[in-house]
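Visitor: Hi! Could you take me through this model, one topic at a time?

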Amino acid sequence: MKVTGADAVERLRVEELSVHYGGVRAVSSVGFTVEPGQSVGIIGANGAGKSSTLKALMGLVPRSGGRISLGERDLTRVKARDMVRHGIGYVPEGRHVFPGLSVEKNLMLGAYSRAWDTETHRQLDEVYALFPVLKEMRDRLAGALSGGQQQMLAIGRALMTRPRLLVLDEPSMGLSPKLVGNILDVLRRLREEGLSLLLVEQNAKLTFGATSHCIVMENGEVAMSGTSAELSQNPRVREVYLGL
């Protein structure tokens, strides 16, 4: 089963990305790449600039500098609503499902930019195979789901776009340890299928388990970067972010 469009993955390159809110600097000259099929995490404390980096990448907040490209395409001036057409799926912080619509209609909205054809029906079946609970609740209103089920729905909706890169903002927020484990299992499975992932999280343990490479942000800047295995053994990271 393949729930992604990972057969045509491309390098994401972020260069000198900066964000200001008024006169306040939130992100300063951040740069990183996500190689084809690679999974990259960004960790940091509240206010470190993680979510601002992701939102600037997606065009959801104004950038005060920098360049973004996917493969040979310059996405710096692409509007947020058009990112999906370039192969980037987005799972926002707080899920943002449509509570008054059914689970299945929420998923169908993920495929709004494509024809509702045999391939799209196959994609829906694959998402249901990845999240069996969503199939069981396909006719239930999304607003009636638990927080964990809504997070699964948000991920499933993003996968309905058949992304080449999946961007997730704090997917573990507000979830129980058991549900965090379920989300980790799903991210590992997507990673094994070759989908490129960019994950922003406060939960460093989840990030190290789901990604191959990681960036540590502090005060709007990249403080450290390396493989997830290396950083998980870094004494300062273990003390500050893993509590060890």
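Guide: Happy to. I'll call a residue buried when its relative accessible area is under 20%, exposed when it is over 50%, and partly exposed in between, using a 1.4 Å probe and protein chains only. Helices (H or I, at least four residues) and strands (E, at least two) are DSSP runs, numbered from the N terminus. The model is predicted, with local features needing pLDDT of at least 70 and side-chain atom pairs pLDDT 80 or more, while totals for chains, interfaces and linings use all residues. Residues are numbered from 1 along each chain as its sequence is written, and side-chain values use heavy atoms, leaving out hydrogens and water.

Visitor: Great. Is α1 mostly covered or mostly open?

Guide: Mostly covered: of the eight residues in α1 (50-57), seven are buried. They are K50, S51, S52, T53, L54, A56 and L57.

Visitor: And what happens just after α1?

Guide: There, G59 adopts a positive phi of about 80°.

Visitor: What about G220, buried or exposed?

Guide: G220 is buried, at 0% relative accessible area. Its place is the loop joining β9 (213-218) to β10 (221-227). T207 is 13 residues away from G220 along the chain, and their C-alpha atoms are 19 Å apart.

Visitor: Switching to charges: how many salt bridges are there?

Guide: The whole structure has twelve. The criterion is a side-chain nitrogen of Lys or Arg within 4 Å of a carboxyl oxygen of Asp or Glu.

Visitor: Which residue does R164 pair with?

Guide: R164 pairs with E10, and their closest N and O atoms are 3.4 Å apart. R164 sits in the loop between α5 and β7 (165-169) and E10 in the segment before β1 (12-21), so this bridge ties together parts 154 residues apart in sequence. E10 is partly exposed, at 26% relative accessible area. E10 and R164 also belong to a salt-bridge network that includes R73.

Visitor: Nice. How close do E104 and R138 come?

Guide: Their closest N and O atoms are 2.9 Å apart, in another salt bridge. E104 is in helix α2 and R138 in the loop between α4 (132-136) and α5, so the pair joins parts 34 residues apart in sequence. R138 is partly exposed, with 26% relative accessibility.

Visitor: Which partner does R162 have?

Guide: R162 bridges to E119, with the closest N and O atoms 3.9 Å apart. This links distant parts of the chain, 43 residues apart: R162 is in the loop between α5 and β7, E119 in helix α3 (118-130). R162 is partly exposed at 23% relative accessibility, and E119 is partly exposed at 32%.

Visitor: Last topic, the largest pocket. How many residues line it?

Guide: The lining has 17 residues, and A80, V84, Y90, Y112 and R157 lie nearest the pocket's centre. On a 1 Å grid over the protein atoms alone, a pocket is an open set of points where a 1.4 Å probe fits, with protein on both sides within 12 Å along at least five of seven lines; lining residues have an atom within 4 Å of a point.

Visitor: Which element gives the most to that lining?

Guide: That's β6, with three residues. Both β6 and α5 (147-159) supply at least two.

Visitor: And how does the lining divide by residue type?

Guide: Eleven are nonpolar, four polar and two charged. Ala, Val, Leu, Ile, Met, Phe, Trp, Tyr, Cys and Pro count as nonpolar, Asp, Glu, Lys and Arg as charged, and the others, Gly among them, as polar.
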